Each structure stands twice: as structure tokens, then as C-alpha cells.
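Reader: I am new to reading protein models, and I would like to go through this one step by step. Could we look at it together?

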Amino acid sequence: MTLNNYLRDSLSRPYEVGEWDCALFVAEWVDILTGSDRADYFRGLYQEKEEGLAQFGPLRRRVAMELDSLGFFKAESARLGDVALLRGGLIGIVIEIGETLAVATVLENTSQGGLITLPMDYARGVYRWER
């Protein structure tokens, strides 16, 4: 599946903690890239954001460990499809918007089924997977 197809399919999914949130949005993309099943492992393990954070520790550290174990590496600059660690404990996927780069993530209370874009200056680091 291409990044564009994944984003298109994601637009209609409503936000739900532990089922479709920023972590699971990225986990499903990672599964598509790598053939892993990380999203299935995490789905349903928490019903509140605080519960998920308490269960898995600091998101930035946990995400970095998971990505490292799958062969991702920390990149110096962002490319389309990279996983981005964001301000505020969020994670997302680097996407193209016009001639600039932006980050897509899933947040509650949005008019777009949870899928929003944030400017790249929200990114605190990006991880890349190459076949």
C-alpha cells in the first residue's frame, strides 16, 4: 500500500484511544512498511491516553526502541513516509503537502476523522525504514 492510499483510507476513521490514535496510526504504517504486527499488539491495551503512557513509559523512548528493533534509523532530515516524533508526546508520519513537508497525525476532536497535519517544526526527530 502506498502512503497516499494509507492516508486516504485513514481519513474516515474516527479517533478512539487505544483503537485509532496517533500511536496506532503510526503503528499501522510501520506494519505496512515492514510486514510486522505491532499495531495488533498495542490495539486495545489501553482505553485512556494516560493509561497507555503509564503502561508503555515515555512515548519517545518506547517508539525509538520499537523502531530500532525493526531496522529503522534516526535520519538527519525528513522524507515522505518517515515516522516523526513530535512535540507534546505525539507521533506522526511525514507527508507531502504542495511543495512543502508536513506531518500527519491523529488527534481527537477534529473535523477530519482525527487525521490532521502539523507543520514540520513540530517534529523533534524522524526515523526512516529502507528496504
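Reader: Which helix and which strands each supply at least two residues of the lining of the second largest pocket?

Author: This is a predicted model, in which local features need pLDDT of at least 70, side-chain atom pairs count only at pLDDT 80 or more, and totals for chains, interfaces and linings use all residues. Residues are numbered from 1 along each chain as its sequence is written, and side-chain values use heavy atoms, with hydrogens and water left out. A pocket is an open set of points on a 1 Å grid over the protein atoms alone, where a 1.4 Å probe fits and protein lies on both sides within 12 Å along at least five of seven lines, and its lining residues have an atom within 4 Å of a point. Helices (H or I, at least four residues) and strands (E, at least two) are DSSP runs numbered from the N terminus, and those that each supply at least two lining residues here are helix 1 (3–10), strand 3 (91–97) and strand 5 (115–119).

Reader: How many residues of the lining are nonpolar, polar and charged?

Author: The lining includes L3, W29, G81 and E96. Ala, Val, Leu, Ile, Met, Phe, Trp, Tyr, Cys and Pro count as nonpolar, Asp, Glu, Lys and Arg as charged, and the others, Gly among them, as polar. By these classes the lining has eight nonpolar, three polar and one charged.

Reader: Does E66 count as buried or exposed, and why?

Author: E66 lies in helix 5 (residues 59–69), and, not counting residues up to four places away in sequence, E66 touches R38 and F42, where contact means heavy atoms within 4.5 Å. Buried means under 20% relative accessible area, exposed over 50% and partly exposed in between, with a 1.4 Å probe and protein chains only. Because its relative accessibility is 18%, E66 counts as buried.

Reader: Which strand is largely enclosed by the rest of the structure?

Author: Two strands pair if DSSP finds at least two bridges between them. Strand 1 (residues 73–75) pairs with strand 6 in the antiparallel sense over three bridges, while strand 2 (residues 83–86) pairs with strand 6, also in the antiparallel sense, over four bridges. Five of the six residues in residues 123–128 are buried, so the strand largely enclosed by the rest of the structure is strand 6.

Reader: What is the bridge partner of L86 in strand 6?

Author: Strand 6 holds the bridge partner of A75, which is V126. For L86, the bridge partner in strand 6 is A123.
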